[in-house]
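I am opening my notebook on a structure that is new to me. I will set down what I looked up, step by step.

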Amino acid sequence: MSALLAMELGKLGRLASVRFSALVLVLFPFLWAYAPGIFDVYGFFLVSGFQVPALALLSSMEFLLPLLIAITCAELIGIEINNGTLPTVLLRPVTRAQWLLAKLLVASVYPFLALAFFLLASLAAGAFFGFGPFVGGTGLGRQGLLGAGTMVPLEAWREVLQAYLIAAYSLVPIGLLAVLFAVILMNAAGGALATLATLIVMQLLVVFPGVTPYLLTTQLGAYVHPASPLGWVVALIALYCAAFAAAAVIVFERKDF
Amino acid sequence: MQPAIETHALTKRYGSRPVVRELTFAVNPGEVFALVGPNGAGKTTVIRLVSGLAFPSSGSVRMLGHDPHETPSVRRRLGAVVEAPAAFYPYLSGRSNLVLHARLAGGVASSRVREVLDQVELGHAADRKVGVYSLGMRQRLGVAAALLTRPEVLILDEPASGMDPLSLHLVHRVLRDAASSGTAVLLSTHHLDEVVAYCSHVGIMEDGVLIDQIPLRDRGARMRALVDDVQSARLTLAAQPWVREVFVRGRDVVFTLEQPAAIDKVAGCLAGAGVALRELGDDSFDLRSYYRERVEAQRARRTSGDGRPRIAPGPPIVAEGTAGVDA
């Protein structure tokens, strides 16, 4: 299993969507950090390098990051179908469940890798503003970008890292959902589009207040404003992950190739 | 002897449409079974069912005595290429692709990778990316990947597709060698002339039905005699203990000898019965013509009558103990 996992992780860097995502994730913080209309849109001026990661996350968590994660995770399956290598692997003494679990693990790890990269790019983009003590807020704590008083670097680091960790975790079920749809549809584009359609429908379901706290899309804001206690959010996301992964394995076990 | 591959009433439907119907055949260790048939006959589906990539709608598949779905570990003893052309990661070299296969298979020495690359004459191109390989090179790499684990069962879907004559000859030689060392080989192909040279059985498929299974292994002992009275010749030869099987085909009497040396007795035996022998020689079997006849007959039967698939009766070729069909 470890050989299989290492092999699948190694393939990640070969995906076209990963390279495209890397480009977007590098450019995005730089564009936002130095965009002339930031004050008009957000009502504040950047004063610290710690605020750039917040700005990058706030602007991308609703659509851009789920989109990039969904595309890559669907491509994890789709590339094997396009190359014709899926049957080749399944003819080896590797069970279908083992192979798909390796893919699901890669899909689970990918949001953390992507957000770590995004954070590094954001910090690089914020280097101009420096990382010393500043007045305001990181944008990732309770006080937002303003009103946190004097922020010391250690506290700022803690807020930024925690927010990125929670954000990455909340994106994991989206990756697993993309794998599930790619397995059902046997197609990368179809898998990514079906995932996005599902997320859009979930966003529209906010008209049912009773359902809203349980929606996957609601948890995408947990890095800054968790809808429920963090422990509960973590458990709910884990439940989504388990459900999507189990469904993908069940479907894949009975697929004809 | 336990067959290496065995199917019983194997059927596959997609929705209500059957693509493989009630297929029963067996491949023993050391045998080469070639599935031939028109495009869309169901050969690839059979290959995928037998290798465990697709699930039967009904019927069963056994590989080395195991159901490949219930016992995935049996695939340690399988080598297979089910894509034509064989599929590999294009950004990796031929060698790296095989190393990856070796890791998935487990327990394959690195020297074995070099060995199989040399076997299919790809040693010189081993470090080039597969993306720049020609179709024939990919196919040969596919055969190399299949041979990597010294499998007891080899399953290949059109292994010679897109190959030049030299590569074709090479792959057929490799498969023949594998069979002679005890590997059971199941392949699908359109190269009828070549497979006759080394296959032990040919199965003809049409519209999902295995319409004929032709054993070819004993063909060396089969003779053809041109005589003036075919019926008398048939009866005379059928009565001889050194003749295994005899039938009439047109103006010829075709018979199989128990021992090739018995050929010396044929002329005297027929002369004793008052039959004039005009010509005596090996019965060269034209699979291409036979295949065309059988497929066309099956199609005609399918499109006439009640439209249900039926297997058209054809003349037995070398099946032991059959009485044959008089022309």
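This is a predicted model: local features need pLDDT of at least 70, side-chain atom pairs count only at pLDDT 80 or more; totals for chains, interfaces and linings use all residues.

I looked up the strand order in chain B and found an open sheet of four strands, β11-β12-β10-β13, paired in the antiparallel sense. In chain B, β11 (243-249) and β13 (277-282) stand at the edges with a single partner strand each, so one side of each has no neighbour in the sheet. Neighbouring strands of this sheet are turned against each other by 20° on average, direction ignored.

Entry 2, one strand pair. I then followed β10 (residues 222-227) of chain B, which pairs with β13(B) over five bridges in the antiparallel sense, and I noted that Ala225(B) has Leu280(B) in β13(B) as its bridge partner.

Helix α7 (residues 230-238) of chain B lies across β10, β11 and β12 (252-257) of chain B and runs at about 170° to β11(B).

Which residues of α9(B) are buried? I found Arg294(B), Val295(B) and Gln298(B) buried there. Seen down the axis of α9(B), its buried residues fall within an arc of 95°, so they line one face of the helix. These buried residues pack against β8 (201-206) and β9 (209-215) of chain B, whereas the face turned away from the buried side carries exposed residues, among them Arg288(B), Arg292(B) and Glu296(B).

Terms used:
Residues are numbered from 1 along each chain as its sequence is written. Chains are lettered from A and ligands numbered from 1 in the order in which they are written. Two strands pair if DSSP finds at least two bridges between them. Axes are lines fitted to C-alpha atoms, for helices over the stretch in contact, and angles run from 0 to 180 degrees between N-to-C directions. Two residues are in contact if their C-beta atoms, placed from the backbone, lie within 7 Å. A residue is buried if 20 or more other C-beta atoms lie within 10 Å of its own, exposed if 12 or fewer, and partly exposed in between; C-beta atoms are placed from the backbone. The arc is that of the directions from the helix axis to the C-beta atoms.
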